[in-house]
Amino acid sequence: MTSPLSSAAAASPTVMVEACGVEKWYPNGFHALRGVDLCVHQGEVVVIMGPSGSGKSTFIRTFNALEDFQQGSIVVDGMPLSNDVRNIDAIRREVGMVFQQFNLFPHLTVLENLTLAPVLVRKRPKAEVERQALQLLERVGIHEQAQKYPGQLSGGQQQRVAIARSLCMEPRIMLFDEPTSALDPEMVQEVLEVMQELAREGMTMVVVTHEVRFARQVASRVVLMADGQVVEVAPPEQFFTNPQHERSKQFLRQIG
Amino acid sequence: MPMPSSLQRLRRELFATPLDSLISVLLMGGLTAAAAGLLHWALAQAQWLVIQANSTLFAIGRYPLDQQWRLWLLTTLLAAATGITWGLLRAWPRPDRPARLWPRNDVLASGLLALLALLLPAALALTPPLQLRWWGITALMLLARWGAGCWGPRVPGPIRRLLPLAWPVLYLLGMVLINGGLGLMPVPPSQWGGLLLTLIESSFAILLCFPLGILLALGRRSDLPLLRWGSVLYIEFIRGAPLITLLFLGQNILGFLLPGGVAPERVWRAAWVLTVFAAAYVAEAVRSGLAAVPRGQLEAARSLGLPVHQALIHVVLPQALRVALPATVGQFITLLQDTTLLSLIGLLDLLGTARTVMANPAFLGKNAEVYLVLAVLFWCCCAALGLGSRALELRLNPNANVRSTLANAKA
Amino acid sequence: MGSPIQAQAGAAPPWWRNRRLIPWLVQVGVGLVVLVLVAFLVGNLVRNLTAAGLLLSWSWIHNPSGFDIAETLLPFNAALPYWRALLAGLVNTVRVVIAGLVGATALGTLMGTASFSSNGLLRRLARIYVEVIRNIPLLLQLVFWYFVVFLQLPNGTAALQLPGVVLAKSGLYLGHTALVNGVWQGSLRFTVEFTALLTGLVVYTGAFIAEVVRGGIAAVPQGQWEAARSLGFSPLQTLQRIVLPQSLPVILPGLNSQYISLAKNSSLAVACGYTDLYSVAETTLNQTGRAVEVVLILLGAYLVIDLLISALMNGLNQLVQIKER
């Protein structure tokens with residue numbers, strides 16, 4: 001089943017993220033990324049899968065400069081990732097990120113978590129941001145919890161707040177770093193539903209996850225990474241039923 | 001027939017085993033003997049005249065009599081400000097719970113204050129006008145508390161945001177009132193003494209060592225080698241030196257460090273030494289607070305587009321300071337206690353004043369009375385700070401287990 | 001995060017926006033400010049000292065001191081040079097610090113474990129002891145012990161006498177004690193100044209050590225106590241053999257800082273009239289005016305003491321670490 005988004009991508013192939021030959025070594029000499037290439041078009045949902053230690057999280061964290069890289073180039077939304085502080089700040093404004101550990105600010109209420117960045121960074125008036133924040137909270141289903149503190153919410157609720165927080169900055173791309181891996185099983189679905197809704201609305205998403213069902217239903221493309229390299233890129237229905245590479249077959253066997 | 005539960009509890013607590021029974025008997029005997037002796041001494045033998053006759057000296061040193069109205073004014077303003085702040089803090093609801101205007105602790109505290117205002121001036125044998133003034137000031141504080149509690153919620157937003165500024169303004173005003181200038185006759189620091197000097201020195205040091213300590217802690221955790229090693233050098237140098245040595249250094253060498261050998265007033269030299277000293281220890285406390293903040297917090301803030309300084313101010317530091325609060329307030333308490341060392345370099349803080357008082361032939365040998373009163377005074381101030389810290393901890397982190405005893409943090 | 005990112009085709013960013021350069025610029029800036037400040041201060045220092053004829057030199061240290069030291073382990077008189085005086089002061093400091101460390105550890109451990117006693121009165125007393133001592137300044141406690149307690153002790157025949165121990169206004173005598181012409185003698189004599197200072201330091205530091213010990217014992221999981229009891233250990237045996245050894249890795253760092261604190265607090269000896277290093281240094285300064293050198297000696301000496309204590313405690317810490325996989 002072709003996701004409606006791939007046709008959208010074919011119609012308007014604006015490249016949101018273009019990574020070419022990205023190489024990264026850790027200070028201890030470990031070669032984490034070995035010449036990774038990836039092109040993400042607007043409206044695409046790219047799901048990156050792979051065994052642990054394959055560099056998937058490291059890779060997407062290079063998109064918003066949370067990780068450095070030594071060689072290659074990355075262009076995000078037309079802006080090259082360089083040493084220019086202005087570039088990096090601009091890129092971070094347009095790229096939203098959802099973390100495995102939620103990373104909500106525990107000393108602020110849910111509403112304050114959402115409004116902090118737009119008010120400080122985009123310098124928007126607080127009342128307007130609060131209105132938008134409440135709308136977003138309603139979209140992810142946490143409207144009543146706006147005045148609570150993150151510590152009072154369940155894991156699934158916190159992650160949905162985290163998604164809303166990133167959305168409040170009106171990003172053009174959303175990165176998801178294993179968003180459901182730290183959740184109890186019964187809460188995984190509520191978060192995936194929010195992500196599916198986002199994808200349906202046309203958000204460009206790059207998702208690192210182990211959730212196969214999500215990938216099958218939502219992804220435009222599935223990327224398999226192993227040992228710091230891209231092993232295979234294919235649409236989900238092809239990847240899961242007829243993987244080409246031996247490594248992909250091995251991986252699919254492992255995750256059952 | 002079952003024994004009454006309180007008796008059972010007493011037996012279990014004190015006489016559970018033969019060894020326990022022995023210890024209990026010995027302790028109770030010793031305690032009653034000591035208490036009886038202390039009471040007998042306090043009521044029969046001790047001569048409290050030394051305190052009563054010198055109460056002004058202990059309170060404000062040799063501040064000129066005709067200028068003391070300035071200190072009264074300052075005390076009145078402080079009382080009013082404290083009452084208003086107290087009332088407002090109670091009146092404004094937190095985001096997740098309603099406000100409680102008169103919790104039991106507040107009732108107890110108000111009662112205690114009223115009691116102190118009634119008894120202390122009489123115990124100190126103050127003249128009736130002075131006693132009346134103290135009653136007035138206490139009444140003003142309680143009235144301000146009540147008023148702020150009633151009308152606080154009606155204060156409009158913009159004014160509400162400006163209100164915390166009142167305290168720095170009040171502090172500066174206080175400095176002007178005490179020191180002179182702006183049309184007021186200057187009173188040289190050599191005439192400040194007693195509790196006034198102790199409070200000036202400790203408040204100055206507490207206020208300044210806090211931001212300095214935060215900067216040092218940030219520097220210590222910085223990636224930049226120069227900042228990190230600079231902070232480490234500073235902190236380890238200060239922590240390796242006894243305070244008296246640094247005060248000694250301040251008094252003797254500071255004069256040589258400025259052009260022309262001009263040295264600032266001894267009072268301010270000591271205040272700066274206290275600040276520089278305490279900042280190193282506060283830095284250590286804040287550093288452990290910073291270490292307790294997960295790395296993901298800074299990452300999340302940066303990935304939202306917040307620049308580093310805003311990420312620190314709005315996300316990292318609030319969390320770090322909450323964790324570091326007990327240890328930091330512990331440092332402030334230590335600082336208050338360390339002001340007694342000023343007596344060793346010839347400044348007339350509370351302890352220094354005490355020694356000059358006892359040098360007076362009329363009061364020779366009254367060491368016990370004076371030291372006891374000072375001990376009680378310090379104990380009350382430090383214990384109050386400790387209680388305040390625990391209350392603040394609970395307020396900031398209602399879910400946390402607040403059995404964190406104040407860190408001693410003397411080294 | 002300092003490794004370079006290849007810029008794509010395009011110029012490198014201007015220096016004030018360059019992520020790689022900014023840290024170095026900040027450091028250079030801060031370094032320059034600090035350097036200028038230090039140069040200014042040191043320049044003034046040198047100029048002012050030269051004007052006063054007090055420029056850094058160490059020859060004065062061989063001059064006769066001209067003052068006496070109230071009590072000293074090493075023989076000393078006014079004709080001996082300053083460095084001998086300072087050495088005597090240092091020995092006095094080390095004496096009281098070592099005795100203080102032993103006493104405070106003993107008292108602190110006792111009170112710390114008393115917090116877990118089955119006797120409710122003992123528990124509460126231990127708590128009260130800690131809360132009272134912690135909130136009263138050390139200097140105040142020291143002058144209290146010296147002036148109010150020890151200097152008020154009776155003398156001569158009225159002195160407190162126990163087998164082998166005599167406590168009088170003239171001092172603490174241990175061993176074979178005898179009253180000779182109204183003056184006490186003993187095989188080991190400690191002056192009142194030393195005893196008062198030691199008592200004050202031990203009582204004060206003991207309270208903090210009690211807290212450290214209490215925290216360490218509390219950090220041992222409850223399950224250890226339960227397991228020990230189910231194996232038939234008495235509470236005292238449990239404490240000795242099972243809980244205390246496990247609490248040591250937690251206690252030792254806290255103990256380290258308390259020991260250093262005690263060593264530094266010994267400098268308050270001047271309040272008790274005890275001639276420790278600081279008090280001798282102060283007298284030296286008053287006589288020679290050599291502020292910079294005396295301060296350097298003081299700072300250096302206490303730094304060395306701190307480092308020795310830390311080195312010892314770190315060594316102990318290595319020994320008591322519980323071996324884990």
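A:Leu175 stands opposite A:Val206 in strand β8(A). The structure is a predicted model.

**The six-stranded sheet of chain A**

- Strands β7(A) and β8(A) take part in an open sheet of six strands, arranged in the order β6-β7-β8-β3-β9-β10, with mixed pairing.
- The edges of this sheet are formed by β6 (95-98) and β10 (229-234) of chain A, each of which pairs on one side only.
- On average, and with direction ignored, neighbouring strands of the sheet are turned by 20° against each other.
- Strands of a sheet pair through backbone hydrogen bonds, in either a parallel or an antiparallel manner.

**Helices on the sheet of chain A**

- Helix α6 (residues 155-167) of chain A packs on the sheet and touches β6 and β7 of chain A.
- The direction of α6(A) makes about 170° with that of β6(A).
- Helix α10 (residues 246-255) of chain A lies across β9 (221-226) and β10 of chain A.
- Relative to β9(A), helix α10(A) runs at about 95°.

- Strand β1 (residues 15-25) of chain A is joined by five bridges to strand β4 (residues 71-76) of chain A, and the two run antiparallel.
- A:Glu23 has A:Gln71 in β4(A) as its bridge partner.
- Strand β4(A) is also joined by two bridges to strand β5 (residues 79-80) of chain A, again in an antiparallel arrangement.
- Across this second pairing, A:Val75 stands opposite A:Pro80 in β5(A).
- Strands β4(A) and β5(A) form a hairpin with two residues between them.
- In the turn of that hairpin, A:Asp77 has a positive phi of about 55°.

**Packing of α4 and α5 in chain A**

- Helix α4 (residues 110-120) of chain A packs against helix α5 (residues 126-139) of chain A at an angle of about 130°, and their axes are 9 Å apart.
- Because of this angle, α4(A) is oblique to α5(A).
- The crossing in which α4(A) passes α5(A) is right-handed.
- From α4(A), the residues A:Val110, A:Leu111, A:Leu114, A:Thr115, A:Pro118 and A:Val119 take part in the contact.
- They meet A:Lys126, A:Val129, A:Glu130, A:Ala133, A:Leu136 and A:Leu137 in α5(A).
- By class, this contact of α4(A) with α5(A) has nine nonpolar, one polar and two charged residues.

**Overall form of chain C**

- Chain C contains nine helices and six strands.
- The radius of gyration of chain C is 27 Å, whereas a compact globule of 325 residues would have one near 20 Å.
- Taken along the principal axes, the C-alpha atoms of chain C fill a box of roughly 95 × 70 × 30 Å.

**Contact of chain C with chain B**

- In this contact, 48 residues of chain C touch 43 residues of chain B.
- Several helices of chain C each supply at least two residues of the side that touches chain B, among them α3 (120-134), α5 (192-218) and α7 (235-265).
- The largest share of that side, ten residues, comes from α1(C).
- By class, the side of chain C that touches chain B has 32 nonpolar, twelve polar and four charged residues.

**Packing of α4 and α5 in chain C**

- The axes of α4(C) and α5(C) come within 9 Å and cross at roughly 140°.
- With that angle, α4(C) is therefore oblique to α5(C).
- Helices α4(C) and α5(C) have a right-handed crossing.
- On the α4(C) side, the contact is made by C:Leu138, C:Gln141, C:Leu142, C:Trp145 and C:Tyr146.
- On the α5(C) side, the residues are C:Ala196, C:Leu197, C:Thr199, C:Gly200, C:Val203 and C:Tyr204.
- The contact of α4(C) with α5(C) divides into eight nonpolar, three polar and no charged residues.

**The four-stranded sheet of chain C**

- Four strands of chain C form an open sheet in the order β1-β2-β3-β6, with antiparallel pairing.
- Its edge strands are β1 (160-162) and β6 (188-190) of chain C, each pairing on one side only.
- Neighbouring strands of this sheet are turned by 10° against each other on average, direction ignored.
- Within the sheet, four bridges join strand β2 (residues 165-168) of chain C to strand β3 (residues 171-174) of chain C.
- C:Val166 stands opposite C:Tyr173 in β3(C).

Methods:
Residues numbered from 1 in each chain as written. Chains lettered and ligands numbered in written order. Predicted model: local features only at pLDDT ≥ 70, side-chain atom pairs only at ≥ 80, totals over all residues. Axes fitted to C-alpha atoms, helices over the stretch in contact; angles between N-to-C directions. Parallel < 35°, antiparallel > 145°, perpendicular 65-115°, else oblique. Left-handed = near helix turned anticlockwise from the far one by under 90°. Contact = placed C-beta atoms within 7 Å. Nonpolar A, V, L, I, M, F, W, Y, C, P; charged D, E, K, R; others polar. Pairing = 2+ DSSP bridges. Rg over C-alpha atoms; globule rule 2.2 N^0.38 Å.
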